Amino acid sequence: MILKTEKNQIRKTFYKLQELMTELRSCNIDFEDLDVYEIYKSLNQIKEIMGNFNNDISFVSCLMAKEFLETQFHLKEFDVSEKSQSASGLDIEVYTEDSKRIVAEIKTTCPYKTNDFGSNQIESLRNDFRKLRTAQADYKFLFVTEKSAYEVLERKYSKEIDGIILILLERRSFNNEIRVSQFVDSRLVDAFNKTNNVQEILEKAFKGAYRKAFGEDENFLVDFEYLKKDRDIAIRFYEYKEIVEDVYSEKAEIELAEARKISIVAELGDKMPVPFDKTLFSKESLLFALKIIYKELNIPFDEPVLGKDTPSYNNASGTSRWHSYYNEYKPYHRHTPPMTKAEEEFDKEYGDGYYDAGPNPFPFNGSDSEDDYGDDSWA
């Protein structure tokens with residue numbers, strides 16, 4: 001959560017940028033008859049306005065690190081703006097609610113060389129390594145904002161950061177969310193506004209969709225977040241999985257290395273909610289969910305028709321729409337007769353109506369092989 005004082009710090013940065021734009025607009029340099037004194041005056045004014053802009057960038061990177069930590073731990077409140085970016089010491093020092101100490105250094109460095117840092121950059125990094133290694137803490141993080149820096153550190157300096165958790169600060173997103181606005185029509189909006197059990201209806205509907213697709217829903221979780229700014233509801237899907245060394249059931253287990261990509265504190269034997277890829281819902285299961293929603297709201301259900309070139313289902317009246325992730329992400333459409341030779345071979349092997357997904361853009365188990373599309377090895 002960004003605090004008021006932190007927002008004010010960001011606001012000051014953008015005030016500087018506005019002042020800079022005003023100064024730039026006022027510059028009137030005659031490049032044919034250059035006046036070096038006027039040029040110096042303009043450049044010096046710009047320098048005064050901007051100050052040490054690296055500190056402003058560092059401050060925002062600290063907020064990014066804070067946001068990451070808040071997704072991983074229950075933290076005691078801390079204010080990034082309280083510490084000057086030019087002050088000595090660790091960039092971040094914070095405690096969890098159960099009094100575990102977390103320390104972190106943050107680097108916004110881009111490697112000077114193609115495959116390595118410059119000598120001054122390496123010296124600065126090793127100084128940060130030393131600070132982290134000697135710090136007494138339960139968790140030690142080195143955050144970097146540039147992917148190129150992350151790759152060099154991981155490839156060439158992994159031994160020097162042993163015991164330090166290296167994290168690339170990038171937007172974390174999982175393909176496990178839909179919004180209510182993506183499938184409601186005017187009748188549903190009115191009905192939702194009149195009922196107090198919207199969450200219960202949506203949970204029943206999507207648990208039904210999961211059960212329709214996979215046969216059971218014991219480990220399936222539907223989570224909700226009201227988005228006040230957008231006046232919408234985010235629906236997120238998860239599967240509870242046990243963290244194990246070797247996975248025997250894809251639907252019930254996850255390897256430790258994969259689990260720690262989601263939660264830093266994951267340990268063997270824990271059970272954790274793992275984001276469920278919404279595209280694994282079939283068209284039929286999503287229609288099943290929609291039928292449940294209409295039934296629970298006592299609204300007549302018009303069977304939607306899949307549009308040829310649209311990712312939405314539209315009924316005859318044009319008032320209802322259901323966002324079809326099946327249609328949006330299906331990478332391959334069966335050719336109309338005559339079939340290709342490859343399609344004929346598939347039909348012989350698998351039976352009429354088999355759909356080749358082609359190279360799988362959403363592999364179930366991380367493989368790029370088309371053989372893993374719709375993998376059911378967990379069954």
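Here are some friendly notes on the aromatic pairs, charges, loops and helices of this predicted model.

1. Ground rules. The model is predicted, so local features need pLDDT of at least 70 and side-chain atom pairs count only at pLDDT 80 or more, while totals for chains, interfaces and linings use all residues. Residues are numbered from 1 along each chain as its sequence is written, and side-chain values use heavy atoms, with hydrogens and water left out.

2. Aromatic pairs. Searching the whole structure gives 16 aromatic pairs. Here rings of Phe, Tyr and Trp (its six-membered ring) pair if their centres lie within 6.5 Å, and the planes count as stacked under 30 degrees, edge-to-face over 60 and tilted for the rest. Take phenylalanine 68 and phenylalanine 143: their ring centres are 5.7 Å apart and their planes stand at 70°, so this pair is edge-to-face. Phenylalanine 68 belongs to helix 3 (residues 53–72) and phenylalanine 143 to strand 3 (residues 139–144), so the pair links distant parts of the chain, 75 residues apart. Helices (H or I, at least four residues) and strands (E, at least two) are DSSP runs, numbered from the N terminus. Both phenylalanine 68 and phenylalanine 143 are buried; buried means under 20% relative accessible area, exposed over 50% and partly exposed in between (1.4 Å probe, protein chains only).

3. Phenylalanine 237 is in strand 7 (residues 232–244) and phenylalanine 281 in the loop between strand 9 (271–275) and helix 9 (283–296), so the pair ties together parts 44 residues apart in sequence. Phenylalanine 237 and phenylalanine 281 are both buried. The two also belong to a cluster that ring pairs build from Phe206, Tyr210, Phe214, Phe220, Phe237, Phe276 and Phe281.

4. Charges over rings. The criterion is NZ of Lys or CZ of Arg within 6 Å of the ring centre and within 35 degrees of the ring normal. Lysine 251 lies over the face of phenylalanine 214, 3.9 Å from the ring centre. The charged end of lysine 66 sits over the ring of phenylalanine 78, at 5.2 Å from its centre.

5. Helix 7. With 17 residues (198–214), helix 7 reaches 24 Å from its first C-alpha to its last, close to the 24 Å expected; the expected span is 1.5 Å times one less than the number of residues. Its buried residues include Phe206, Lys207, Tyr210 and Phe214. Glycine 215 follows helix 7, with a positive phi near 95°.

6. Where is aspartate 277? This residue is in the loop between strand 9 and helix 9. Aspartate 277 is buried yet has no salt bridge, and the nearest side chain of opposite charge, lysine 278, is 7.1 Å away. Lys and Arg count as positive and Asp and Glu as negative, with His and the chain ends not counted; a salt bridge needs a side-chain nitrogen of Lys or Arg within 4 Å of a carboxyl oxygen of Asp or Glu. The side chain of aspartate 277 does make polar contacts with the side chains of asparagine 175 (3.0 Å) and threonine 279 (2.8 Å). A polar contact is a pair of N or O atoms within 3.5 Å; within protein, one must be able to donate a hydrogen and the other to accept it, and residues adjacent in sequence count only if both atoms are side-chain atoms.

7. Positive phi in a loop. Arginine 231, in the loop between strand 6 (220–227) and strand 7, has a positive phi near 50° although it is not glycine. Arginine 231 is exposed, at 79% relative accessible area.
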